[in-house]
Amino acid sequence: MKECRGDLLGRVRRGLASAQERTAFEAHLSSCDTCRMTLDVMGDFDAAGDAEPGDSELVARIAAKAARTRAVPPPTPLRPVHRHRRLAVAALVLAGTAAASGLGVVAFRFATRHESPTVENASQQPAPKRESPARTPAPVPAPSATPEPSPDAAVAVTPPPKVAPVAAAPTSASELYRAANDARRAGRTSDAIRGYKDLQRRFPDSSEAKASRVSLGGLLLRGGSASDALAQFNAYLDGGSGQLAAEALFGRGRALQALGRSAEETENLERLLRQYPNSAYATHAKRRLDELR
Amino acid sequence: MELGGPMLRTVRKVIGSAHPDAEDVAQEAVMGLLSALESFRGDCTVTHFAHQVALRRALHARRHFKTREKVGDQVLDAEGHAALDEAPLEATITRERQNVVRSLLDQLAEPTAEALALHFMLGYTVEEIATMVNVSPNTVWSRLKLGKKALKRELDCNERLRDLLRGRQS
């Protein structure tokens with residue numbers, strides 16, 4: 001298999017390549033299977049794992065658990081700059097957690113080079129908004145015996161950190177949304193539909209309720225309730241632009257198709273192509289438009 | 001700088017967005033990061049370090065899932081675009097290729113799987129990976145070469161993917 005050494009692919013993907021380099025890269029792609037595959041697969045993962053509605057609370061919950069389980073590690077006699085950096089990072093995790101638990105703000109604020117003299121000091125101060133430009137972390141040459149990160153290291157039993165107590169979370173929009181999503185993924189369609197409706201009734205103005213309209217629309221459509229599904233997709237789109245607008249337009253098109261409303265379906269597909277020409281739904285939309293014309 | 005979101009994102013890339021244990025794995029990754037801080041010597045940025053910890057935790061979790069056969073890849077990666085039952089072809093191809101990559105990570109030697117995931121899923125360059133895992137760029141190149149060769153073989157042998165790609169061309 002041909003092996004291409006060089007960082008041109010990376011430079012192109014990061015938008016750092018010159019026009020000349022891009023042209024050269026495109027020419028190279030036509031003759032290099034491996035680079036084509038690499039580019040395709042990297043593109044597949046670009047959007048994978050992106051933020052979803054309810055993530056803010058999810059991350060805050062993770063931070064709160066971390067704070068409850070583990071305190072700031074005690075100072076150890078390493079080089080001062082390392083000790084300070086480590087303490088600053090850990091303290092700021094917990095400081096961020098306290099903020100998150102109190103204000104509902106997601107904050108894992110880390111500072112690589114923020115040198116705080118003591119844990120107490122660091123934890124009492126707000127997390128720095130940004131790293132000092134003079135100390136922007138350029139990769140440091142690796143020493144010969146760098147310890148590897150140990151994600152599976154046992155968590156030391158330590159006293160609870162001094163952070164604000166975290167109350168048991170009440171039933172929230174994100175919890176309802178998560179439960180309904182879980183039900184949908186598990187194939188419990190009735191539970192999922194009930195969950196999404198409950199969410200929309202109890203938290204009508206939440207971002208989760210808005211996102212749920214697309215999921216609920218898909219379930220209703222699958223169940224044969226095209227009119228109800230259409231209402232859900234319309235409600236999502238009427239609420240202004242959103243991250244799932246392309247999906248909502250796609251769903252609305254399928255609902256209109258099921259209802260035999262061809263003229264509106266055509267109009268909807270044209271809108272989908274106009275507004276989201278590069279979306280994953282564009283190919284399908286073009287094909288369907290050809291069928292309709 | 002916020003790291004909770006990026007760590008969660010890394011976990012989701014590796015085990016799948018819809019995986020029911022994503023939160024737990026992200027939680028373990030954060031705990032792992034806190035533990036690993038004691039060994040952090042500033043050889044790379046904290047962001048890179050956090051990504052690496054999350055990635056290792058997620059790779060480990062995948063192998064653990066496989067061992068106990070709790071969930072298969074079809075369940076792991078069953079998240080569709082907003083639950084629409086008939087995803088368009090491009091989205092299906094993307095998901096299928098993601099599944100192939102994720103499955104391959106379970107089969108490769110851990111250093112190779114880590115290099116492949118850092119490169120393909122998180123977009124790190126060879127130099128960046130070398131700094132993160134503290135090996136020479138040549139070693140990273142070798143691992144990536146092995147990984148890419150295996151990936152190409154898996155992609156070429158995947159009948160479903162071949163059918164999908166044929167459908168795209170027609």
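## A buried ring pair and a shared core

A:Tyr196 is buried, with a relative accessible area of 0%. Keep in mind that you're looking at a predicted model. So what does this tyrosine do with its ring? Searching the whole structure turns up 1 aromatic pair over all chains. The partners are A:Tyr177 and A:Tyr196: their ring centres are 6.3 Å apart and their planes meet at 55 degrees, so the pair counts as tilted. To be called edge-to-face, the planes would have to be over 60 degrees apart.

Each partner has its own helix, and since those helices are separate, the pair ties together parts that are 19 residues apart in sequence. Here are the two side by side:

| Residue | Helix of chain A | Relative accessible area |
|---|---|---|
| A:Tyr177 | helix 7 (residues 173–185) | 8% |
| A:Tyr196 | helix 8 (residues 189–202) | 0% |

The charged end of A:Lys210 sits over the ring of A:Tyr236, 5.0 Å from its centre.

Now over to chain B. It has 9 helices and 0 strands. Of its 170 residues, 62% are buried. Chain B exposes about 6300 Å², and carbon and sulfur atoms supply 48% of that. If you take the contacts in chain B between residues at least 6 apart in sequence, 68% of them join residues at least 24 apart.

Let's pick one helix to look at. Helix 8 of chain B (residues 137–157) has 21 residues, so at 1.5 Å a residue it should span 30 Å; its end C-alpha atoms are 30 Å apart, which agrees. Which of its residues are buried? They are B:Val140, B:Trp141, B:Leu144, B:Gly147, B:Lys148, B:Ala150, B:Leu151 and B:Leu155. As a rule, an α-helix has 3.6 residues a turn, so residues three or four places apart point the same way.

Leaving out neighbours within four places in sequence, B:Leu151 is in contact with A:Met37, A:Val41, B:Val100, B:Val101, B:Leu104 and B:Phe120. B:Leu151 also turns up in the largest nonpolar core, which has 70 residues; A:Val41, B:Ile15 and B:Leu151 have the most contacts inside it. Helix 3 of chain B (residues 46–68) gives the largest share of this core, 10 residues. Apart from that core lies another one, of 36 residues, including A:Ala183, A:Val214, A:Leu221 and A:Tyr281.

Technical notes
Residues numbered from 1 in each chain as written. Chains lettered and ligands numbered in written order. Predicted model: local features only at pLDDT ≥ 70, side-chain atom pairs only at ≥ 80, totals over all residues. Heavy atoms only, no water. Core = buried A, V, L, I, M, F, W, Y, C linked by side-chain atoms within 4.5 Å. Buried < 20%, exposed > 50% of the residue type's maximum accessible area, 1.4 Å probe, protein only. Helix = DSSP H or I, 4+ residues; strand = E, 2+ residues; numbered from the N terminus. Contact = heavy atoms within 4.5 Å. Areas by Shrake-Rupley, 256 points an atom, 1.4 Å probe, with all protein chains shown as cover. Phe/Tyr/Trp six-rings, centres within 6.5 Å; stacked < 30°, edge-to-face > 60°. Lys NZ or Arg CZ within 6 Å of the ring centre and 35° of its normal. Expected span 1.5 Å × (residues − 1).
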